Amino acid sequence: MYIPELLKELNFKAIRSSGAGGQHVNKVSSKIELTFDLENSKFLSSEEKQLLIKNISNRLTKEHTLVLFCDETRSQHTNKELAIKRFLEIIKQGLKKPKARKATKPSRSSILKKAENKKQHSLKKALRKKPKLD
């Protein structure tokens, strides 16, 4: 995968972090917003783009943009590194192709066991009925 080229397409924005923290949090922009425009990426092939759109669609906006936020630490640089790691992990997971399912037949013993179980169940229910008085 083209990690350095892919990282060039990322856009970062520093924002003021929310929550308690007193004076420091009110004057420092340590929260990072990472955006990646999947549609206009030059380094991903069209097949990779389609695979990513399919696999990570719940994380994408309507314009097929991936947006990640990170405000775990008080350091802007550390948050940026964490956001990049998270981004690369999402892309790696999104590019995985699922294994093709191999069709298998049920074994002879499992078929017999199922039939026997069905017979037992049927008998149990039949015994619950009121007897017929002809």
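## Close-up views of a predicted model

View 1. Cys70 is buried, with a relative accessible area of 1%. Here buried means under 20% relative accessible area, exposed means over 50%, and partly exposed lies in between (1.4 Å probe, protein chains only). The place of Cys70 is strand 3. Strands (E, at least two residues) and helices (H or I, at least four) are DSSP runs, numbered from the N terminus. Leaving aside neighbours within four places in sequence, Cys70 touches Ser30, Lys31, Ile32, Asn79, Leu82, Ala83 and Arg86. Contact means heavy atoms within 4.5 Å. Cys70 and Ile15 are 55 residues apart in sequence, and their C-alpha atoms are 10.0 Å apart in space.

**How to read the views.** This is a predicted model, where local features need pLDDT of at least 70, side-chain atom pairs count only at pLDDT 80 or more, and totals for chains, interfaces and linings use all residues. Residues are numbered from 1 along each chain as its sequence is written, and side-chain values use heavy atoms, with hydrogens and water left out.

**View 2**

**View 3. Strand 2 and its partners.** Six of the seven residues of strand 2 are buried, so this strand is largely enclosed by the rest of the structure. Strand 2 (residues 31-37) pairs with strand 1 in the antiparallel sense over five bridges. Two strands pair if DSSP finds at least two bridges between them. Phe12 stands opposite Leu34 in strand 2. Six bridges join strand 2 to strand 3, and these two strands also run antiparallel. Asp37 has Thr65 in strand 3 as its bridge partner.

**View 4. The whole chain.** The protein has five helices and three strands. From the N terminus on, the elements run α-β-α-β-α-β-α-α. The C-alpha atoms fill a box of roughly 90 × 45 × 25 Å along the principal axes. Of the 134 residues, 25% count as buried. Among contacts with a separation of 6 or more, 59% join residues 24 or more positions apart.

**View 5. Confidence along the model.** The mean pLDDT is 89, and 95% of residues reach 70 or more. pLDDT is the predictor's confidence in each residue, from 0 to 100. Among the elements, helix 2 (residues 23-27) has the lowest mean pLDDT (71), and helix 5 (residues 108-128) has the highest (96). Where pLDDT is low, the predicted coordinates should not be read in detail.
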